[in-house]
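Have a look at it first, and then we'll go through some of its details together.

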Amino acid sequence: MVEMMRWLDCNKCSLRKPNQVFLKFVASILLMGLAFRLFSSRSVEVSSAVETPFVANPQSPDKPIAATNQGADEIPKTAQQIPQKKKCDIFTGDWIPTTSEPIYTNATCRYIEGHQNCMMNGRPDSGYLHWRWSPRDCELRQFEVETFLELMRNKSWALIGDSISRNYVQSLLCILSKVEEAIEVYHDEEYKSRRWNFPSYNFNISVIWSPLLMKAATFENMNGVSTSDIELHLDKLDKKWVDQYQNLDYIIISGGKWFLKTAIYYVKNKIVGCHNCPGKHLTELGFEYAYRKALQLVLNFIVTTKHKGLVFFRTVTPDHFENGEWSNGGTCKRTVPFKEGEVSLKDVDATFRSIELEEFEKAAAVASKHGVKLKLFDTTQLSLLRPDGHPGPYRQFHPFAKDRNAKVQNDCLHWCLPGPIDSWNDLLMDMVVNG
């Protein structure tokens, strides 16, 4: 009997052992699963932290940063922050097609002069309006009108130069008028030098007519026809802009095509030579000599004068006359931009540009030593690629209304408004904000 009981007890033991082993096995599996779940969850959390770092005060990339010369509390909200952008060469890029409409039209802007009002004058195509300049190494933001005006509060601008400067100031005024209309507060007798004020911002913009930047006597009508040779003093700056220089916060200054005109050169009020003056028995010095002398004097004045503003030197604007020039029937009939490599600067424009870059480089080295803010506004290459953006025959009102074959004056130098020159404002905004 005792032996029987022992046998039964041992048999029960053998039956319980497999159940205990099985339960232990199941428990182990559950514990391993729980540990794996906790480990995986932690791994995901670590990965997310690497990809999306914590930002204490997240800001929209569209908001500007605070200007450095004022307290943040004093700056309007639209101008408290400016997006930080990677620096790149904004003047190297391509014109790319866009479906966007121009920011203004001839119907919405009253500052467009008749010769650049291609829409009003009947230009039949509009494809030239649908391209935008795109630098290759960074994104160029569109001109932000409110931000610009806030930054320019209580400031004064001047564009100094020839009719391209006048062409450009119209573009800038048209864009700014989307927020506020400027009031004209000054003009000279011929309406070549003018000044406008934005009353809500106490902001002034001037265009100062000084096509040669030097003291000069000119004898030319609005169609570019001269009645006498230019008298150009190579040792005297033009007082029209020099006398206003110290009162200006921002300046865009430029020279260029006027130096190609027939001129008599003076130094110390005595004739020293000329350009393109056969039969006058004077030394032919050439426009290159005069342009270099002029830029040396202009840039030396800029870099040695105690001026706290920002000065932009704008490079030459190439023309796109084909089969002639302004005075002998040249035209510009292209309707799309060039691509890089399809066009080169004309010899004369290449000469202008070479002199500009050489003299600017020398001046910039001096400017940095004197703490003068001098920057190159290099619009030459992007302008070269836009033969489609000129008025051409549409500098006149409906030139072919009476005769489809009429021979009319073409303008292949200035720009239609709206047109490619509006992109200069995007470049300017970038240089003012990030430069």
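Are cysteine 332 and cysteine 412 buried or exposed? Both of them are buried, where buried means under 20% relative accessible area, exposed means over 50%, and partly exposed is in between (1.4 Å probe, protein chains only).

## Before we start

What you see is a predicted model, so local features need pLDDT of at least 70 and side-chain atom pairs count only at pLDDT 80 or more, while totals for chains, interfaces and linings use all residues. Residues are numbered from 1 along each chain as its sequence is written, and side-chain values use heavy atoms, with hydrogens and water left out.

## The disulfides

Searching the whole structure turns up 5 disulfides, a disulfide being a pair of cysteine sulfur atoms within 2.5 Å. If you count the bonded cysteines along the chain, the pattern reads 1-4, 2-5, 3-10, 6-7, 8-9.

Back to the pair we opened with: the sulfur atoms of cysteine 332 and cysteine 412 are 2.1 Å apart. The torsion about their S-S bond is about -90 degrees, so this disulfide is left-handed. It links distant parts of the chain, 80 residues apart: cysteine 332 is in the loop between strand 12 (310–314) and helix 6 (347–370), and cysteine 412 is in the loop between helix 7 (380–384) and helix 8 (423–434). Helices (H or I, at least four residues) and strands (E, at least two) are DSSP runs, numbered from the N terminus.

## Two further cysteine links

Cysteine 109 and cysteine 174 also form a disulfide, with 1.9 Å between their sulfur atoms. Cysteine 109 sits in the loop between strand 1 (93–97) and strand 2 (131–135), and cysteine 174 sits in helix 3 (residues 163–176), so the pair ties together parts that are 65 residues apart in sequence. The link is left-handed, with -80 degrees about the S-S bond, and both cysteine 109 and cysteine 174 are buried.

Then there's the disulfide between cysteine 274 and cysteine 277, at 1.6 Å from S to S. This link is left-handed too, with -50 degrees about the S-S bond. Cysteine 274 counts as buried at 0% relative accessibility, and cysteine 277 is buried with a relative accessible area of 6%.

## Rings meeting rings

Now for the aromatics: the whole structure holds 22 aromatic pairs. Rings of Phe, Tyr and Trp (its six-membered ring) pair if their centres lie within 6.5 Å; planes under 30 degrees apart count as stacked, over 60 as edge-to-face and the rest as tilted. Take tyrosine 291 and phenylalanine 352: their ring centres are 5.0 Å apart and their planes are at 90 degrees, so the pair is edge-to-face. Tyrosine 291 is in helix 5 (residues 286–304) and phenylalanine 352 in helix 6, which makes this a link between distant parts of the chain, 61 residues apart. Tyrosine 291 is buried, with a relative accessible area of 0%, and phenylalanine 352 counts as buried at 0% relative accessibility.

Tyrosine 394 and phenylalanine 400 make an edge-to-face pair as well, 6.1 Å centre to centre with 80 degrees between the planes. Here tyrosine 394 is buried, with a relative accessible area of 15%, whereas phenylalanine 400 counts as partly exposed at 26% relative accessibility. Ring pairs also link a cluster of residues, among them Phe91, Phe143, Tyr168, Phe312 and Trp424.

## Charges over rings

Arginine 123 lies over the face of tyrosine 128, 3.8 Å from the ring centre. The charged end of lysine 261 sits over the ring of tryptophan 258, 4.8 Å from its centre. For a charge to sit over a ring, NZ of Lys or CZ of Arg must be within 6 Å of the ring centre and within 35 degrees of the ring normal.

## Two crossing helices

The axes of helix 3 and helix 8 come within 9 Å and cross at roughly 80 degrees. Axes are lines fitted to C-alpha atoms, for helices over the stretch in contact, and angles run from 0 to 180 degrees between N-to-C directions. Helix 3 and helix 8 are therefore roughly perpendicular to each other; angles under 35 degrees count as roughly parallel, over 145 as roughly antiparallel, 65 to 115 as roughly perpendicular and the rest as oblique.

Which residues meet there? On the helix 3 side they are Ile164, Tyr168, Ser171, Leu172 and Ile175, and on the helix 8 side Trp424, Asn425 and Leu428. Contact means heavy atoms within 4.5 Å.
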